[in-house]
Amino acid sequence: MPSTADLWVRRFHPAPDARTRLVCLPHAGGSASYFYSVSRSLSPAVDVLAVQYPGRQDRMREPCIDSIEELADQVAEALLPWADRPVTLFGHSMGASLAYEVAQRLEKAGVTPTGLFVSGRRAPSRPRDESVHTRDDDGLIAEVKALSGTDASLLGDDEVLRMILPALRNDYKAAETYRPDALVKVSCPVFALIGDADPKSTVDEATSWGDHTSGAFDLRVFPGGHFYLNSQVPAILSSIRDHVRAHMASRSPG
């Protein structure tokens, strides 16, 4: 079994007796620690793994990866040793696009996720022409503040800004230049979660996620903007628990 010191995977609350795992993939500029409270809430029933991208926190000195596809190659490889039990994927914003690509790679390797939760992201078949990553630092900061994705007090700290801006710009580039094959589908069920006032994805754009799976599809709309999930944690965790219970019940004899 991989060590908890593995570069890519953070396991804040190890749950070795859990029958299933949840893999969480952060948003642009985000880190594995964003899902610390999710791990605490779901353990020990679910073994929660959070992916740590290079270029931030304890991986600060590593070069960032500005391609969703390349990032997915490395994440999927890192996750395969953890696929000894059923795995569900959850990604928010850029993490949703990444989770979709990771799901494809896992399925090609013979590991079909129990489900793919895509949060705060329009479907891959609904691209927009965006260029936030080309803005100057002030423009990039203004975008993040508008989405309420980072504590405003942190954005006023020059030292913190110097640390997070390179990773943030890199991730925006990865997300904005991502142009996948719209005909590729995963076979696992897809659950799209969206805020009703999200400027980065309309409900209609999120609904198109249903075109990217040959399995079941469900859409849940919550009040809020791009980071609606910060105020909807109980409801989101309930959705994940319900899915896990249903899947495990389907695998139980009788």
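**Overall fold and the second largest pocket**

The protein chain exposes about 11100 Å², of which carbon and sulfur atoms supply 51% (Shrake-Rupley method, 1.4 Å probe). The model is predicted, so local features need pLDDT of at least 70 and side-chain atom pairs count only at pLDDT 80 or more, whereas totals for chains, interfaces and linings use all residues. Residues are numbered from 1 along each chain as its sequence is written, and side-chain values use heavy atoms, with hydrogens and water left out.

The protein chain contains 8 helices and 7 strands (DSSP runs of H or I, at least four residues, and of E, at least two). Its radius of gyration, 17 Å, is close to the 18 Å given by the globule rule for 254 residues, so the chain is as compact as a globular protein of that length (C-alpha atoms; 2.2 Å times the number of residues to the power 0.38). Buried residues account for 52% of the 254 (under 20% relative accessible area, 1.4 Å probe, protein chains only).

The second largest pocket holds about 180 Å³ of space (an open set of points on a 1 Å grid where a 1.4 Å probe fits, with protein on both sides within 12 Å along at least five of seven lines; lining residues have an atom within 4 Å of a point). Of its 13 lining residues, Y34, F35, V38, L229 and V233 are the closest to the centre. Two or more lining residues come from each of β2 (21–25), α1 (36–42) and α8 (233–251), and α8 gives the largest share, 4 residues.

Technical notes
Points joined across faces, edges and corners; volume = space filled by probe spheres on them. Buried < 20%, exposed > 50% of the residue type's maximum accessible area, 1.4 Å probe, protein only.
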